[in-house]
Amino acid sequence: MRGVALAVRWLAPLSALLTVLFSDTVGAAVMMLVCLATTIMWRARLPAVLEVTTNLVLLVAAWSSVFLLYERFAHWDLVVHCAATAVLAELALRALERWGRLRAPSAVAHVAVITSLGAVLALLWEFVEFAGYALVDPRVEVGYLDTMGDLAAGCVGSLVIGGLGYWARRREGTSARVPAGVAGKTR
């Protein structure tokens, strides 16, 4: 799986290069953000499955913008918001665990924390979309219904990944494991 992760990692800079050469500056900027996220995930030493899934979801989101899929297919935006917010919420939970801010939570707490992180990320995403509309490209969709749908999709995705993530950890036997560097700390 590590070989797949490496191959997917290289898709981000390749995508950035292609958008610089053949697309507009907005597409290139979006791909550069995906490159940044890919680098952060690589340096975070995530499980390969999580890294590959997150990178692919972010690449699909970015290429969907370049190829105007959000405008061409009704509700594609909701699918992408659901998937992207889900994987990013899982990453945020992993970061909190790694930094010693959170111990592996119970099932209910796991789902609640990931759903809450997803809601915050969905809200931040909507702020970025509005900034994109106001400062970069007025074609960015930012109406009331779009924003509410995006927020709902992000929360649903986070809720689903919360349940799936807890189930996967239990299956791997890692839910009770305390992240490195946290053992022995008191709060």
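## The α6/α7 pair

In this predicted model, helices α6 and α7 cross with right-handed geometry. Helix α6 covers residues 107-136, and helix α7 covers residues 144-172. The angle between them is about 150°, and their axes lie 8 Å apart. Angles over 145 degrees count as roughly antiparallel, so α6 is roughly antiparallel to α7.

Eleven of its residues are nonpolar, nine are polar and five are charged.

## The α1/α3 pair

Helix α1 spans residues 2-22, and helix α3 spans residues 48-66. They pack at about 20°, with axes 9 Å apart. Angles under 35 degrees count as roughly parallel, so α1 and α3 are roughly parallel to each other. Their crossing is left-handed.

On the α1 side, the contact residues are Arg2, Val4, Ala5, Val8, Arg9, Leu11, Ala12, Ser15, Leu18 and Thr19. On the α3 side, they are Ala48, Glu51, Val52, Asn55, Leu56, Leu59, Trp63 and Val66. By class, this contact has twelve nonpolar, three polar and three charged residues.

## Leucine 59

Which helix holds leucine 59? Leucine 59 sits in α3. Is leucine 59 buried or exposed? Its relative accessible area is 6%, and buried means under 20%, so leucine 59 is buried.

Beyond its neighbours within four places in sequence, leucine 59 contacts Val8, Leu11, Ala12, Ser15, Met31 and Val34. Val8, Leu11, Ala12 and Ser15 are also among the α1 residues that meet α3. Methionine 31 is 28 residues away from leucine 59 in sequence. In space, the two C-alpha atoms are 7.8 Å apart.

## Nonpolar cores

The largest nonpolar core has 13 residues. Those touching the most other members are Ala12, Met31, Val34, Met41, Leu46, Leu59 and Leu91. Helix α3 supplies the largest share, five residues. In soluble globular proteins, nonpolar side chains tend to be buried together.

Methionine 41 belongs to this core. Leaving out residues up to four places away in sequence, methionine 41 touches Leu46, Glu51, Thr54, Asn55, Leu58 and Leu91. Of these, Leu46 and Leu91 are also named among the core residues that touch the most other members.

There is also a second, separate core of five residues. Its members include Ala89, Leu102, Ile114 and Leu117.

## Positive phi in two loops

Most residues other than glycine have a negative phi. Two residues here are worth checking against that background. Arginine 45 has a positive phi, near 55°. Where is arginine 45 found? Arginine 45 is in the loop between α2 and α3. Exposed means over 50% relative accessible area, and arginine 45 has 53%, so arginine 45 counts as exposed.

Histidine 75 also has a positive phi, about 70°, although it is not a glycine. Histidine 75 lies in the loop between α4 (69-72) and α5 (76-98). Its relative accessibility is 59%, so histidine 75 is exposed.

Definitions and conventions: Residues numbered from 1 in each chain as written. Predicted model: local features only at pLDDT ≥ 70, side-chain atom pairs only at ≥ 80, totals over all residues. Heavy atoms only, no water. Axes fitted to C-alpha atoms, helices over the stretch in contact; angles between N-to-C directions. Helix = DSSP H or I, 4+ residues; strand = E, 2+ residues; numbered from the N terminus. Parallel < 35°, antiparallel > 145°, perpendicular 65-115°, else oblique. Left-handed = near helix turned anticlockwise from the far one by under 90°. Nonpolar A, V, L, I, M, F, W, Y, C, P; charged D, E, K, R; others polar. Contact = heavy atoms within 4.5 Å. Buried < 20%, exposed > 50% of the residue type's maximum accessible area, 1.4 Å probe, protein only. Core = buried A, V, L, I, M, F, W, Y, C linked by side-chain atoms within 4.5 Å.
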